[in-house]
Structures are given as C-alpha cells and as structure tokens.
Amino acid sequence: MSSTMTALYGGTGPAWASREVPAPTPGPGQVLVRARGAALNHADASVLAAADPTAGGTGVPYLAGYEFAGEVAALGEGVAGPGIGARVMGTAPGSFAQYVLADHRHAVPIPDGLGYEEAAALPTGLLTEHGALTSGGFEAGRSVLITGATSSVGLVGVQIAKALGASTVVATTRTAARGALLREIGADEVVATEERDLTEAVLELTDGEGVDLVLDHVGGRTFAACLPATRVDGSVVNIGRLDRAESTIDLDALSYRHLRVRGVSFGFSRPAKLGAVLSGAVDALTPALLDGRVRPLIDSTYDFDTASEAVRRLGSHQALGKIVLAVP
C-alpha cells in the first residue's frame, strides 16, 4: 500500500479541500480499510459549517466523513479478522479518505451482490433504523409509523420494517409527490403532512387505535403529533430532529395511552454498543440485503474532485436517498 493518501478536509472554507497526507497505521483493535466508496450524512454539513472560517467557524482542520466501504488493508494488534482483502462496510470518523482507520467492531462484511457505492450508503441507515426498531420492542406483525420517511435513513427504515414482517407501515412525507416512491419501497400507507393532519390520518388508517410503534425522524411538532397516533401501550422512538429538537407535548396523550418513549443516538462515544448494534443489524438483515428487499437509494455520486458539488447537493435538501463519493 502507498505511504500517502488523498483525503478530504474541512476547516478551510465552505467545502472540503483535497489533501495529500500520510496514510495511517492501525493501532490495537483497529482495522485499516482501503476505501472505495464513502457516503454523506446530514452531520457532514453541520460539522463543515461549524468549521468554516469564512462564515465565523472555528477554522480548525479535520478529516471529514463518517461512512465507508472498501477492502481491509491491514489489521492492528489483537484483531483476528476480517482478513486482509475482505470487503467491508462501516462507520468511522475520517471516512473521506483513501485509507480509513476504524474500530474493528465498526466494520462488517459486505453482503454478496452489493457494490462499494451501495455498501457505503448502508451502515448508518442499517444501524440507526434496526437499532431504533429493536429499542422500541418491534416484533413481526406490528404496525409502524415512520415520519420523515423520505430522508435517506427513513427510506431504509421503511424497507427494514417490511422485511422484518411489519403488518402495516405508514410513512410520512411533506407532500404527496413522493408518495409513489414510498409505496414502491414498501410503505402500505402514505400521509402527506402538508395536506393532512398526522394524528387524524393515522387514527383513521388504524380504526382509531393508532400504530404499535413510531420511528420519528422529525421531532418538533411532528413528535408531539405522534403520541396520540400511537396505540395504548405502544412505543415512540425519536431518531432525528429534521425539524427541531424542541417539542411541546400533551402529557395526557403520553400518560393515558401508557406510552413508552425512547430516544436513540448511535454515536462513537460508546464503541462497544455501536459495534453490537451494527453487527446485530447486519446479522438480522443479511437475507433481505441478499435478495434486494433492503437496498439504499442512491441520489447521486461524485468524486473527490467534485466534492464541493456534493456539499451543495446535500445542502439543497433536494436529495432523494444517499449522496455518495467514489474514492479514487
């Protein structure tokens, strides 16, 4: 392998800058992956903006990215596998580089039939959506409401819920224009929240009972509307805050329905937990990944030379699915 690598750094302006830097060496418990693909997440935009010195940011350089796919190039001390050359996908800070250092628990085998760009677009969605379903006590035969379902992880969540045997998946989107896509990937019902009241629509679709489980990617007023749309003894799991982090809720809806409310965030501060959630998701979903029931939707692909265009696409909020970088 080369002693240097090309990597994308933030902290110099409104876009990432390509740099030639020394290739890293894996330490104990780490794997070094020769990346072939990397995927963008919403966090990439906020971290980039916070470091942008031209807009009042810190100006502190950092290696960007969180999601990758490629082949194992080297193993650190104490790591028995996966073997050199194995195809893996995973999550790690600093993933926008030709060589990515990752905790060995955060790199998992790529199922057969998946290319590197598809694989790079999967880890965050798999671990977030499967982890949230598990946290909410999901079992086959239960009904699920997924808000913000046209977000990149929401699209994966719809597919996962159906693949694992949800009786009904209700998906929300702001306008009806994307309803056909949501039905195509597995949603049984679609609620356009700019056209219908969320609570009323869900209760109507469930004969007044509400859904068994909610995966909420939106927060704010949408989170509050999910509570009375959930059946007695049901669960609401907040995953994201596409709207806002603050929400004013009706405590009667929470208490009288005996709801369980959970919040999940599978970050890097708990590496053992993150590894367990990721490997558990892949183990549970490998059959669906192999037969195509769960697949990432790729919005667009860029390379390192056009990464600034990928940033603009991410910031446009028009992307439908994942934005991917092909690693040179």
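**Close-up views of strand 1 and its partners**

**View A. Strand 1 pairs with strand 2 (residues 17-22) in the antiparallel sense.** Six bridges link the two strands. Pairing requires at least two bridges found by DSSP between two strands. Strands (E, at least two residues) are DSSP runs, numbered from the N terminus. T4 stands opposite P22 in strand 2. T6 faces E20 of strand 2 across the pairing, standing opposite this residue. This is a predicted model: local features need pLDDT of at least 70, side-chain atom pairs count only at pLDDT 80 or more, and totals for chains, interfaces and linings use all residues. Residues are numbered from 1 along each chain as its sequence is written, and side-chain values use heavy atoms, with hydrogens and water left out.

**View B. Strands 1 and 2 form a hairpin.** Six residues lie between the two strands. In the turn, G11 has a positive phi of about 100 degrees.

**View C. Strand 1 also pairs with strand 4 (residues 62-63).** The sense is antiparallel, over two bridges. Y9 stands opposite L63 in strand 4.

**View D. Three strands form an open sheet in the order 2-1-4.** The pairing is antiparallel. Strand 2 and strand 4 are the edge strands, each pairing on one side only.

**View E. Strand 1 (residues 4-10) is largely enclosed by the rest of the structure, because six of its seven residues are buried.** Buried means under 20% relative accessible area (1.4 Å probe, protein chains only).

Technical notes: Buried means under 20% relative accessible area, exposed over 50%, partly exposed in between (1.4 Å probe, protein chains only). Helices (H or I, at least four residues) and strands (E, at least two) are DSSP runs, numbered from the N terminus.
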